[in-house]
Amino acid sequence: SFTSPSSKRLYDTLIEELEHLNTLPTSIKCLIALTDTEDTESIHTWEEVVDLANQYQIPIYMIGIGKEISPYVLERISTRTNGFYRNIHDFTNLYDILEKIYVKQKAMYKVEYESKLSKFPTTPYKLHIAYQHRLYGGICEYEYIPSEKAGN
């Protein structure tokens, strides 16, 4: 989800977006929020935003726009929800920030497999990963050379 609050109710907007994201059927979710002002009118607190995001396991990526915005609370929200905070002075580097979010979200899952083979294989293997849901699905294929120790 991508949101840009139009008022000084950032925390309320984040809560609304988190509630909406939690209803979606996909398991990979994140919230990207752009703001150019401090929150001065929300009913909710930034701590409530963090608690709800962690409850739903949805990272929040905060992007502050301009030199006048204080990063203190925005950094707290993002780092405490496994996201990150960036500040931009114009939109020229927004693509780079969105690319970093994409890479971080894509790297969230790790697949491990333990072979029952008695002899350690030294030839490349092809790994097929498929996911099918009633609304969407996908398949990917990777070639790898097995290692005796995890992480090698």
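Which residues does Thr35 touch, not counting residues up to four places away in sequence? I looked that up first. Thr35 touches Leu10, Ile63, Gly64, Ile65, Ile69 and Leu74 on that count.

**Confidence**

I am working with a predicted model. I checked the pLDDT before going on. The protein chain has a mean of 81, and 76% of its residues reach 70 or more. Confidence is lowest in strand E1 (residues 2-3), where the mean is 53. Helix H2 (residues 46-56) has the highest, at 96.

**Thr35**

I went back to Thr35 and placed it in strand E2. Is Thr35 buried or exposed? I read a relative accessibility of 4%, so Thr35 counts as buried, the cut-off being under 20%. I also followed its side chain. The side chain of Thr35 reaches the backbone oxygen of Thr37 at 3.1 Å.

**Helix H3**

Next I took helix H3 (72-80). I found Val73, Leu74, Ile77 and Ser78 buried there. Seen down the axis of H3, these buried residues fall within an arc of 130 degrees, so they line one face of the helix. What do they pack against? I noted helix H1 (10-23), E2, H2, E3 and E4. Leu74, buried in H3, is also one of the residues that Thr35 touches. Just after H3, I saw that Asn82 takes a positive phi of about 70 degrees.

**Aromatic pair**

I searched the whole structure for aromatic pairs and got 1. The ring centres of Tyr61 and Phe84 are 5.0 Å apart and the planes stand at 75 degrees, so I logged the pair as edge-to-face. The pair links distant parts of the chain, 23 residues apart. Tyr61 sits in strand E3, and Phe84 in the loop between H3 and E4. Both Tyr61 and Phe84 are buried.

**Helix H4**

I finished with helix H4 (residues 94-106) and tested its length. At 1.5 Å a residue, its 13 residues should span 18 Å. The end C-alpha atoms are 18 Å apart, which agrees. Which residues of H4 are buried? I listed Leu94, Ile97, Ile101 and Gln105. Down the axis of H4 the buried residues fall within an arc of 70 degrees, so they line one face of the helix. I then turned to the face away from that buried side. It carries the exposed residues Tyr95 and Lys106. Last, I checked what covers the buried residues of H4. The cover includes strand E2 (31-35), strand E3 (60-65) and strand E4 (85-88).

Note on methods:
Residues are numbered from 1 along each chain as its sequence is written. This is a predicted model: local features need pLDDT of at least 70, side-chain atom pairs count only at pLDDT 80 or more; totals for chains, interfaces and linings use all residues. Side-chain values use heavy atoms; hydrogens and water are left out. Helices (H or I, at least four residues) and strands (E, at least two) are DSSP runs, numbered from the N terminus. The expected span of a helix is 1.5 Å times one less than its number of residues. Buried means under 20% relative accessible area, exposed over 50%, partly exposed in between (1.4 Å probe, protein chains only). The arc is that of the directions from the helix axis to the C-beta atoms. Contact means heavy atoms within 4.5 Å. pLDDT is the predictor's confidence in each residue, from 0 to 100. A polar contact is a pair of N or O atoms within 3.5 Å; within protein, one must be able to donate a hydrogen and the other to accept it, and residues adjacent in sequence count only if both atoms are side-chain atoms. Rings of Phe, Tyr and Trp (its six-membered ring) pair if their centres lie within 6.5 Å; planes under 30 degrees apart count as stacked, over 60 as edge-to-face and the rest as tilted.
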